[in-house]
2 protein chains.
Amino acid sequence: MSTDNRPIGVFDSGLGGLTVVCELQKQLPGENIIYFGDTARVPYGTKSAKTVQKYAIEASYLLTTHNIKAIVIACNTASAHALKIVQSKFSIPVFGVIEPGVAAALAQSKNKNVLIIGTSGTIKSEAYQNRLSEVSESEVTIWSQACPLFVPLVEEGMLEGEIATQIIRFYLQRFQKTQVDTVILGCTHYPLLKNSIAAIWPGVTLIDSGIATANAVKNSDSFEKSENRNKTGHTRYILSDFAENFLKIGQTFLGNEMHHLEVLDFEHFVVSHQSEMSKLY
Amino acid sequence: MSTDNRPIGVFDSGLGGLTVVCELQKQLPGENIIYFGDTARVPYGTKSAKTVQKYAIEASYLLTTHNIKAIVIACNTASAHALKIVQSKFSIPVFGVIEPGVAAALAQSKNKNVLIIGTSGTIKSEAYQNRLSEVSESEVTIWSQACPLFVPLVEEGMLEGEIATQIIRFYLQRFQKTQVDTVILGCTHYPLLKNSIAAIWPGVTLIDSGIATANAVKNSDSFEKSENRNKTGHTRYILSDFAENFLKIGQTFLGNEMHHLEVLDFEHFVVSHQSEMSKLY
């Protein structure tokens, strides 16, 4: 087996994708990773599909200038709107977070009653709902709920306590009376609320797309050939804008320190690569 | 007195500035208004000062292409970081939301104990704090508190009820034991929480910068000459991106319907006016 030292490129609209990086680091410790967080244009969730597709192509293009071997779209909104287009425009393997989350939910749900929670944009896109209907071999009952207050709750560091509990109850309590036995955390911020959700809703299976996606990357055909073993990989972080609280939040998401952090004038990058990128839009 | 039919240009990072438009419409019903909401790049509050200055110049430049007679920066973050630079680059009067809010607070506070609340970006910028120290003739005690959950709360439509009450208490309760008698709502979203804040904290004076800013525009020397009277003005809305929920939220902010709504490819606008704008940065 040859080793392929090229990094895995990962991008997200901001810092949420670091929960995916965290899982990639755990499951593929030998791999180098390059992370791009488009913090200058965060969030993608409130933007139109067309804009998100453009942003996803620009982020992917940036990553490919770093000689990567795969792209992980660690952002639910971008996975929903742009996975296919990115796959069609770039010749390396491209992974989204939706397919792995759906596969894990179907594998783990006993009664095939699955609730998808996410930002308004993700829920409205129906990407999870469509994928679930598409791949389920048996009947599956799909429930969905947008939880717009979860992201600010996490970014405010309120991972537990009375306010977190009340907000979680506000969105999820009514599903406890249903047949739902599995919940897809369809937003990269939500795994940080896992403990609080589990405390309110004991017995439910929570699907963390970060774990599912890292698993999918690890087990993919295209990847097995290139997996780095017997090495300790390093991760490089590129942000399109820098604000102080990013470091604090980022490290919570990542579970450890962000070394090799750099800020890129992405707008300038986009303008100066306009001619190459215009072929990709 | 001559009438000057040119519109007043107003911009914000998104839709919050519509609370300022609402007050302008009430106080200056004869004026035409052109509103630009940079919804493709919302929010500004998490972005660096340099990025916000660039965005503010671009938004101002866009407005000036519509032959406006004044610019209102209806965004606290942009007022904090970019008022002076916009004033220095454009030859028409430019108003921010901070100065009027501070003046109103000083006029209305009896014991000169003023609390400023806003997004993390606004509070950290210390723009309100500095302005208060600058213009206060007597001793003033300044308190400040960032309330990052207020914006998503408003955007989720939770203007009252148990969760709103708890979140307001979480941020503000401790100030009820202090000498604070006046609170500056240092974010254009916050006026929508006015009733809930007043219910929890009876007797406190809440300063709505929308009202204060519209007042400042109306009473400014430069403006009195050009105020349109005996007419019904109309408002035009330009957004840099369109998502469905904008309409719903926008109309809550505005208190009435948004007619004349258009979406502009602002990124394209910026690129194609690069040479004119590069002189302004």
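Is B:Asp208 buried or exposed, and at what relative accessibility? At 8% relative accessibility, B:Asp208 counts as buried. Here buried means under 20% relative accessible area, exposed means over 50%, and partly exposed lies in between, with a 1.4 Å probe and protein chains only.

Good morning. Before I continue, a word on the source. This is a predicted model, in which local features need pLDDT of at least 70, side-chain atom pairs count only at pLDDT 80 or more, and totals for chains, interfaces and linings use all residues. Residues are numbered from 1 along each chain as its sequence is written, chains are lettered from A and ligands numbered from 1 in the order in which they are written, and side-chain values use heavy atoms, with hydrogens and water left out.

Let me turn to the salt bridges. A salt bridge is a side-chain nitrogen of Lys or Arg within 4 Å of a carboxyl oxygen of Asp or Glu. Over all chains, the structure holds 22 of them. In one of these, B:Asp208 meets the side chain of B:Lys194 at 3.1 Å, N to O. B:Lys194 lies in helix α9 (residues 194-200) of chain B and B:Asp208 in strand β8 (residues 205-208) of chain B, so the pair ties together parts that are 14 residues apart in sequence. Helices (H or I, at least four residues) and strands (E, at least two) are DSSP runs, numbered from the N terminus. B:Lys194 is partly exposed, with a relative accessible area of 25%.

In chain A, the side chains of A:Lys194 and A:Asp208 meet in a salt bridge at 3.0 Å, N to O. A:Lys194 is partly exposed at 24%, whereas A:Asp208 is buried at 8%.

A further salt bridge joins A:Lys26 and A:Glu23, at 3.4 Å, N to O. Both residues lie in helix α1 (residues 18-27) of chain A, three residues apart, about one turn of the helix. A:Lys26 is exposed, with a relative accessible area of 56%, while A:Glu23 is buried at 10%.

In chain B, helix α1 (residues 18-27) is mostly covered, with eight of its ten residues buried. Among them are B:Leu18, B:Val20 and B:Glu23.

I now come to the aromatic rings. Rings of Phe, Tyr and Trp (its six-membered ring) pair if their centres lie within 6.5 Å; planes under 30 degrees apart count as stacked, over 60 as edge-to-face and the rest as tilted. A:Phe150 is buried at 0% relative accessibility, and A:Tyr171 is buried at 2%.

Chain A also holds one aromatic cluster, formed by A:Phe36, A:Tyr61, A:Phe266 and A:Phe269.

Finally, a charge sits over a ring if NZ of Lys or CZ of Arg is within 6 Å of the ring centre and within 35 degrees of the ring normal. A:Arg41 lies over the face of A:Tyr55, at 3.6 Å from the ring centre. In chain B, B:Arg41 lies over the face of B:Tyr55, at 3.6 Å from the ring centre. Thank you.
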